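Dear colleague,

Please find below the structure that I am handing over to you.

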Amino acid sequence: MFASWYDRQGSATEVLQFGELPDPRPGPGEVRVEVRLSGVNPGDTKKRRGWLGSSMPFPRVVPHSDAAGVVDAVGDGVDTGRVGRRVWVHGAQSYRAFGTAAQYVVVPGHLAVPLPDHVTDELAASLGIPGITAHRTVFADGPVDGRTVLVQGVLGGVGSLAAQLARWGGATVPGTVRKTSDLDLVDPAVVAHAVALDNPAAAEEIRANAPDGVHRIVEVSLSDNADLDVAVVANDGIIAAYGTRADRTELPFWPLLFNNVTVRLFGGDDFPAAAKRAAARDLTAAAAVGALRVEVGKSFPLNEIAAAHDRVDAGGRGRVLLTVA
């Protein structure tokens, strides 16, 4: 099979290789998926470059955890009726050596989730890391029906899906963007009120639309937004943070304490198994009824994976995908 891999960490152009590797074979309880699209996440590029001092987990790594594809072979104990069925894949390279940047990927059967025929491959390849993270930040503390969920960074990969999931779950969703010029990019069908963080009165504007405060906050950068979060969170509210800019993030402790605020921190690879199963179920259900969509920034062929990684590292809007089949 054609695949991309790296045998050492470093910059994308220096370490990512493209060529042929042996076709993998599914073992007991596993399925083999013929990959159509492989999703590229910031976590994939961080692993490749050794972010925070991380080392090579295996002698060779085929990167990426997310994909859309078709089951083409199954191992012992797996229903042969799964062959030929479309699936979305998550967790392929989570504590595993061989991910989805290849023509074929082998994963435990539950990591290849059946996909309704009308759901696009582009959305399917975006339901893994960003979708499961978004689901966890929104629903880790229970249903959101009738609640107000503020999504910081509502145009981002996780933030946009979090907003859509919260709305699907019955919440009122205010959201923030970085700049006033970004406000026109926000979907009013999902986000009830959008606020730009370059507005000095951002907190007051959020409070004007949620006078009792917001019940939950999905937080993309806790170090940047802690003061705003404190200003708008409701008593007994929850800040669900999946990112920060500063490794040692300062928090306004006493205002959080007196307001009885819970601060939750989320790391995707280590979500509880039950949480991942619930996320996979809900993401598929929301996608099936048209409640989710993603913006694709750019697609690259598999042999241009270095350019795809560089695009992710450079930031910008839209999902980055690799076209495999």
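In which loop is the place of Tyr-95? Tyr-95 sits in the loop between strand 5 and strand 6; helices (H or I, at least four residues) and strands (E, at least two) are DSSP runs, numbered from the N terminus.

Before the details, a note on the basis of this account. This is a predicted model, in which local features need pLDDT of at least 70 and side-chain atom pairs count only at pLDDT 80 or more, while totals for chains, interfaces and linings use all residues. Residues are numbered from 1 along each chain as its sequence is written, and side-chain values use heavy atoms, with hydrogens and water left out.

Overall form

The protein chain holds 10 helices and 15 strands. Its radius of gyration is 20 Å, which agrees with the value near 20 Å for a compact globule of 325 residues; the radius is taken over C-alpha atoms, and the globule rule is 2.2 Å times the number of residues to the power 0.38. Along the principal axes, the C-alpha atoms fill a box of roughly 60 × 40 × 35 Å.

Of the 325 residues, 50% are buried, where buried means under 20% relative accessible area, exposed over 50%, and partly exposed in between (1.4 Å probe, protein chains only). The chain exposes about 14700 Å², and carbon and sulfur atoms supply 52% of that area; accessible areas come from the Shrake-Rupley method with a 1.4 Å probe, and for residues only the protein chains shown count as cover. Among contacts with a separation of 6 or more, 67% join residues 24 or more positions apart, a contact being heavy atoms within 4.5 Å.

Nonpolar cores

A nonpolar core is a set of buried Ala, Val, Leu, Ile, Met, Phe, Trp, Tyr and Cys residues joined through side-chain atoms within 4.5 Å. The largest has 43 residues, of which Trp-88, Val-151, Leu-283 and Leu-292 touch the most other members. Two or more residues of this core come from each of helix 3 (121-124), helix 4 (129-139), strand 8, helix 5 (157-168), strand 10 (193-196) and helix 9 (273-288). Helix 5 gives the largest share, six residues. Apart from this core lies another, of 36 residues, among them Val-15, Ala-102, Val-107 and Ile-305.

Leaving aside residues up to four places away in sequence, Val-151 touches Gly-159, Ala-162, Ala-163, Val-173, Pro-174, Gly-175, Thr-176 and Val-218.

Helix 7 and its surroundings

In helix 7 (residues 222-232), the buried residues are Leu-222, Asn-225, Ala-226, Leu-228, Asp-229, Val-230 and Val-232. They pack against strand 8 (149-151), helix 6 (202-209), strand 11 (214-219), strand 12 (233-241), helix 8 (253-258) and strand 13 (262-265).

Glu-219 belongs to strand 11 and is buried, with a relative accessible area of 0%. Beyond its neighbours up to four places away in sequence, Glu-219 touches residues including Gln-152, Asn-225, Asp-229 and Ile-239. From Glu-219 to Met-1, 218 residues away in sequence, the C-alpha distance is 40 Å.

Ile-239, in strand 12, is likewise buried, at 2% relative accessibility. With residues up to four places away not counted, its contacts include Ile-217, Glu-219, Leu-222, Asp-229 and Leu-256.

Loop residues

Most residues other than glycine have a negative phi. Tyr-95, although not a glycine, has a positive phi of about 60°, and it is exposed at 59% relative accessibility. Leu-52, in the loop between helix 2 (42-49) and strand 4 (66-74), has a positive phi of about 55° and is not a glycine either. Leu-52 is exposed, with a relative accessible area of 59%.

Thr-100 lies in the loop between strand 5 (86-89) and strand 6 (104-108) and is buried, at 0% relative accessibility. Its contacts, neighbours within four places in sequence aside, include Val-35, Ser-38, Pro-63, His-64, Val-105 and Val-324.

Pro-24 is in the loop between strand 2 (17-20) and strand 3 (30-40). Not counting residues up to four places away, Pro-24 touches Met-1, Arg-32, Tyr-104 and Val-106. The C-alpha atoms of Pro-24 and Ala-192 are separated by 47 Å.

Yours sincerely
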